[in-house]
Amino acid sequence: MTALIDIIIIVLLIGTLVYAFILDRRVRTLMATLREMEPMVGAFSNAVDQSAKSVEDLRDLSAKTQRAEPPVQRAAPPARQTATEPASSAGQSPAQMRAARLKGRSQVRGQAAVQGKSELVRTFFDITKERKE
């Protein structure tokens, strides 16, 4: 009976070692791929930060322009209200209504605004390098 238990333990140990070897190879491949992708991910992250800054600058410029010039009143057809728009949108400018809709969408999807995405990506790769060493 003890020989059977010993054989089962040996088989399980061999299985564990084989699994650990396979897992180690996959992790090494993943780390090599991440190292190759680091410059591309960093450039993409910088581009995202730059585009977010450009959108903020455009938004600020638009707000300044709207304050500087009174809006031109023109007859517009009545706007359709969708299910996602609040019923109290009367009296708001179209830009404010769009901002409210976009804000609602990001809250529904559970997205949060993250500042400094480039720094977040760099930190990830720095931590990965530290763990490797």
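I began by writing down that a residue is called buried under 20% relative accessible area, exposed over 50%, and partly exposed in between, with a 1.4 Å probe and only protein chains considered. With that settled I looked up Ile8, which is partly exposed at a relative accessible area of 45%.

Before going on I noted that this is a predicted model, in which local features need pLDDT of at least 70 and side-chain atom pairs count only at pLDDT 80 or more, while totals for chains, interfaces and linings use all residues. I also noted that residues are numbered from 1 along each chain as its sequence is written, and that side-chain values use heavy atoms, with hydrogens and water left out.

**Overall fold.** I found 3 helices and 0 strands in the protein chain, where helices (H or I, at least four residues) and strands (E, at least two) are DSSP runs numbered from the N terminus. Read along the sequence, the pattern is α-α-α, and Ile8 has its place in helix α1, which covers residues 2-68.

**Surface.** I looked up how much of the chain is covered, and buried residues make up 6% of its 133 residues. The chain exposes about 12000 Å², of which carbon and sulfur atoms supply 63%; accessible areas come from the Shrake-Rupley method with a 1.4 Å probe, and for residues only the protein chains shown count as cover.

Over residues 6-23 the chain is 100% helix and 0% strand, with the end C-alpha atoms 25 Å apart.

**Salt bridges.** I counted 2 salt bridges in the structure, each being a side-chain nitrogen of Lys or Arg within 4 Å of a carboxyl oxygen of Asp or Glu. In one, the side chains of Arg28 and Asp24 meet at 2.9 Å, N to O, and these residues are 4 apart in helix α1, separated by about one helical turn. Arg28 counts as exposed at 57% relative accessibility, whereas Asp24 is partly exposed at 35%. I also looked up Lys53 and Asp57, whose side chains meet in a salt bridge at 3.2 Å, N to O.
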